[in-house]
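Have the structure open while you read, and click along as the residues come up.

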Amino acid sequence: MASAPNTSDNATPATPGTPGSETVTTKSAAKKLAKKLEKEAKLAMKASSKTPSGANTPSEKKVKPEKKKEEEEVFVNTTPKGEKKDLTQPMSASGYNPIAVEAAWYDWWEAQGFFKPQLTASGDPKPEGLFVIPLPPPNVTGSLHIGHALTIAIQDCLVRWNRMLGKTTLYVPGFDHAGISTQSVVEKRLYKSTGKTRHDLGREKFLETVWDWKNDYQHRITNQLRRLGGSYDWDRVAFTMEERLSKAVAETFCRLYEDGIIYRANRLVNWCVRLNTTLSNLEVDQMQLEGRTMLSVPGYDPKEKFEFGAITSFAYPIEGSDEKIIVATTRPETMLGDTAIAVHPEDPRYTHLHGKFAKHPFLERRIPIITDDIIVDMSFGTGAVKITPAHDPNDYEVGMRHKLEFINILNDDGTFNANAGPKFAGMKRFHARKAVVKALQDAGLYIETKDNPMQIPICSKSGDIIEPVMKPQWWVNCKPLAEEALKRTRAGELDILPKASEHEWYRWLEDIQDWCISRQLWWGHRCPAYFVRIEGEQQDSTDEKHWVVGRTIEEATERAKVVAGGKQFTLEQDEDVLDTWFSSGLWPWSILGWPEKTSDLAKFYPSSILETGWDILFFWVARMVLLGIHLTGRMPFKEVLCHAMIRDAHGRKMSKSLGNVIDPIDVIQGLELEKLHAKLYEGNLDDKEIAKAKSGQKKDFPKGIPQCGTDALRFALCAYTGGGRDINLEILRVEGYRKFCNKIFNATKFAMLKLDDSFVPEPAAKPTGKESLVERWILHKLNNAAIEINRQLELRNFMAATNVAYNFWLYELCDVYIEAMKPMTDESASPETRTSAQQTLYTCLDNGLRLLHPFMPFITEELWQRLPRRANDTTPSIMLAKYPTAEQAFVFSDAERDFDLVYDLIKAGRSLAASYNVQNNIQFYIRVKTDEEAKLFESQIPTIITLTKNGKSAKVIRDVSEVPEGCGSVVITPTIVEYLVVRGLIDIDVEIEKCEKKKKVAQIALDKIKKVQAHPNYEQTVDDETRQANEDKLRQYEADIENLEVMKETFAKLR
């Protein structure tokens, strides 16, 4: 028999997050390594150890440096693109190499059409069911980061799982043009490389530059998506600005306008000076300030700072008198746009001023004093409030109620216009703030400035401070759409997980505001709206009656003729583009051909699930629901799953300037620190930011990013996903799962040696009834794993699902069964025993790899293809194989109970041996009280010795008198005690003292339980489960005390 790698926990520790593992490829090497690790562990360990792994874990300080291995030859993929990998060569002698394992499979899957939806002969979805998921389209602003990898790991896991369950599956890929973000990054790159702005190029030339950028990054992202293993139907790939999706955008705009949902109005918007565009409320962050704070502002000298978090009081002179009225503001510069002062109608301090006017100190403007019981709180400040309707949301409402004048004082570039007066016109807004305060002081009208805890609005894209300004824009009336969405969600048409996100969902929809969809950009969908300019007439472009919409220019022209009433006119298309979220809000149905009634739309809409980050639940998910119901009459998906946001190992948000943004390809392939630094120069960071990012990278990745492979990365990301809102990603944990892949690789490699050329799997995976105890045990554990993984995937608990898969492979299949079966398959075993063990091993490998496939597609395909097939099984790929589900034939509850007891004894024996530093010729005595226990352990003596490692013998005894002198012991159950011969290896007095101390502790615990049980109302007040638990503890402590007495006596006899 050829030598085989040891697959036990001594060979290649694969616990996630533990650094270091050694790969062995021969039986002799495995034994040497096992002995070495045990020796190192025992030198480093304390007096006792709780688990075998504790006894076998090498101490870093004690590990001797390994001889430097020859550098592994660089793998070169020689498989022609699209062809199946040749696996006729033996498995790699150097162990698992993710680059080699993952090579060629994706191209073959795609070439074979495995990613395409499998339909019935009539072209319908299969009766097993339908599972459709649209990929949230990544922005073409740049390459994917690790957060995208999380999305893909979760989504593709669900797709592959459902495909293996026999359903028709469709996973649609695509890309988002990302208007603001893409235009911003291209503008920055343009200026950094050429010193030019988009205005220097002109709209047409600039858009050509953006399209070049889009094509470049779409290609890069596509390669990343493929490397991450997403099983997309690439024939259906979509881009938000391609012709068919642009048609859907125009149709939606026109239809919503025709339905009275879209309207044009001159209203207050969020204006970003830096980006020169409006933003929706969702694109504005709130910065909390506790008091006076000096901040730098984008667009100003970085060394120049301005005061925020303060409130300034000043006085307005009352017209026709010497009286003054005092008001306060956090934005003193806005007083140049004041058009009223409001007081409470019941405030006696100002009754005499009702209907009077104040004089603006810097402008020829009379300011009316109005009464308003909504905006004014008499108890706050002076009870007088300055009103700037064109630059404040609350003041806007006052202006509408009282029909005040709306005076805009701000240019789009953040400077003040002529309405601010000659003294301030042309000033930048925060320079004007200082100038206004100085002018108030000079005029004797300044009162004071105090700390004022507050929030200031910040652009989430640029970091600039948002200015509320009046702009004529296109708006969506969201109220009627939200009411229908709320009704349908409450009716059960949509499930939102986790439940915390569902609560936020209801709250946001109930408080929804109208949505401004105009953006002052060049990159995006031009609004299909046209101003009808009639010859010879003066027209107000803010008035909606002069505008028409049209799906085509021909449709717009016909509508314009009605507006012009027979007069000559020209059409001027709106220069603005639509909010990116307006087009991506159509994603689930526009990618299937809507507004045309396509076959895809009929078969695959609505989607089964929408999986995305919780941070865009309202940006994107809510808008898809609002628009989907209105346009298609159906909820666009049945379920929304919100995953967590990935942060770095320190809990910080990923940021390029911190150097902690991780490219998933770098985790897959590995990247040296110097090359990690070099990638920083590809972006738009300045020299100071690059230096800071380099420092962060050096701290977090001193040796660069280790090569982990796609499977380890995907498995780790799923293992992190348990329902929380944040994930602190530790790359060493991902590397730990690479070691898990190594474990799987070596276990399968060993199995292939056991499944020799003569082995033929049975036609069906049905037990014969002649299986040994450990065989029945592992089949039962396999069945439990299948049931639990399916259940957890149904619950969308990926952390629990991966944990079950990990535990089955590592702690049950590799650590127990594969080790236990070695003597069952050696030359001394009977043919019947050997065949049975082989069949069980095959069934576990076949099913175990299928269980892992949704999480780890590449290594499972590579290894599964090496296994022989059952008769009449022509399944070409593991991704099309049946996913394991509950199998009644594998239910062996008695075997599970019995072998769990045996394995508990084995683990306790290992720990006992380690605690006494017994490394060789380990001898056990197992004292039992019942015939059933005796029969069980006597039948498992070979397994006990095999799994003990360096075990010499194990003997079952019935009486304590049969225990040799000089034994250490451990109580397994109140009726089972395990003894270890330690004579000559211990300090007798120390051991007797230990026994006495342990006995005292056990006696205290025993007395405590007896005291509880002695309570007069114990039987009536304590439930059955707790009373049984106390009784079990009582028997255990009594057995412990009895065993410690026996140990003391045997040790005493050695004196």
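## A strand covered on both faces

Strand E12 (residues 340-343) is covered on both faces: Ala340 and Ala342 on one side, Ile341 and Val343 on the other, are all buried. Buried here means under 20% relative accessible area, while exposed is over 50% and partly exposed is in between, using a 1.4 Å probe and protein chains only. In a regular strand, side chains alternate between the two faces of the sheet. Strands (E, at least two residues) and helices (H or I, at least four) are DSSP runs, numbered from the N terminus.

Before going on, a word on what you're looking at: this is a predicted model, where local features need pLDDT of at least 70 and side-chain atom pairs count only at pLDDT 80 or more, while totals for chains, interfaces and linings use all residues. Residues are numbered from 1 along each chain as its sequence is written, and side-chain values use heavy atoms, with hydrogens and water left out.

## Who E12 pairs with

Two strands count as paired if DSSP finds at least two bridges between them. E12 runs antiparallel to strand E15 (residues 384-387), joined by four bridges, and Ala340 stands opposite Ile387 there. With strand E14 (residues 366-371), E12 runs parallel, through three bridges; on that side Ile341 stands opposite Ile369.

## A three-stranded open sheet

Now find another sheet: three strands in the order E11-E10-E16, open, with antiparallel pairing. Its edges are strand E11 (324-329) and strand E16 (446-451), each pairing on one side only. From one strand to the next, the twist averages 20°, taken from axes that are lines fitted to C-alpha atoms, with angles running from 0 to 180 degrees between N-to-C directions.

Strand E10 (residues 310-317) pairs with E11 in the antiparallel sense over six bridges.

## Two nonpolar cores

A nonpolar core is a set of buried Ala, Val, Leu, Ile, Met, Phe, Trp, Tyr and Cys residues joined through side-chain atoms within 4.5 Å. The largest one has 161 residues, and Phe740 and Trp809 have the most contacts inside it. Helix H25 (residues 798-820) gives this core its largest share, 14 residues. A second, separate core has 63 residues, including Leu256, Ile591, Phe604 and Trp620.

What does Trp809 touch, leaving out residues up to four places away in sequence? Its contacts (heavy atoms within 4.5 Å) include Phe740, Ile744, Ala747, Leu845 and Leu852.

Helix H27 (residues 857-864) is mostly covered, with eight of its eight residues buried. Among them are Glu861 and Glu862, along with Phe858 and Trp864.

## Rings and charges

Rings of Phe, Tyr and Trp (its six-membered ring) pair if their centres lie within 6.5 Å; planes under 30 degrees apart are stacked, over 60 edge-to-face, and the rest tilted. By this rule there are 37 aromatic pairs. One of them is Tyr396 with Phe406, edge-to-face at 5.6 Å centre to centre and 70° between the planes. Tyr396 belongs to helix H10 (residues 393-402), and Phe406, 10 residues apart from it, to the loop between H10 and helix H11 (429-442). Tyr396 is buried at 9% relative accessible area, whereas Phe406 is partly exposed at 28%. Elsewhere, ring pairs link Phe253, Tyr257, Trp474, Trp515, Phe531, Trp547 and Phe582 into a cluster.

Charges meet rings too, where NZ of Lys or CZ of Arg is within 6 Å of the ring centre and within 35 degrees of the ring normal. Lys214 has its charged end over the ring of Phe239, 4.4 Å from the centre. Arg226 does likewise over Trp234, at 4.7 Å.

Most residues other than glycine have a negative phi, and most peptide bonds are trans. The bond from Leu497 to Pro498 is cis, with omega near -5°, and Pro498 lies in the loop between strand E19 (495-497) and helix H13 (499-510). Another cis bond runs from Trp594 to Pro595, with omega near 15°.

Ala104 has a positive phi of about 75°. You'll find Ala104 in the loop between helix H3 (98-102) and helix H4 (105-111), and it counts as buried because its relative accessibility is 11%. Ala178 also has a positive phi, near 50°, and is buried at 5%.
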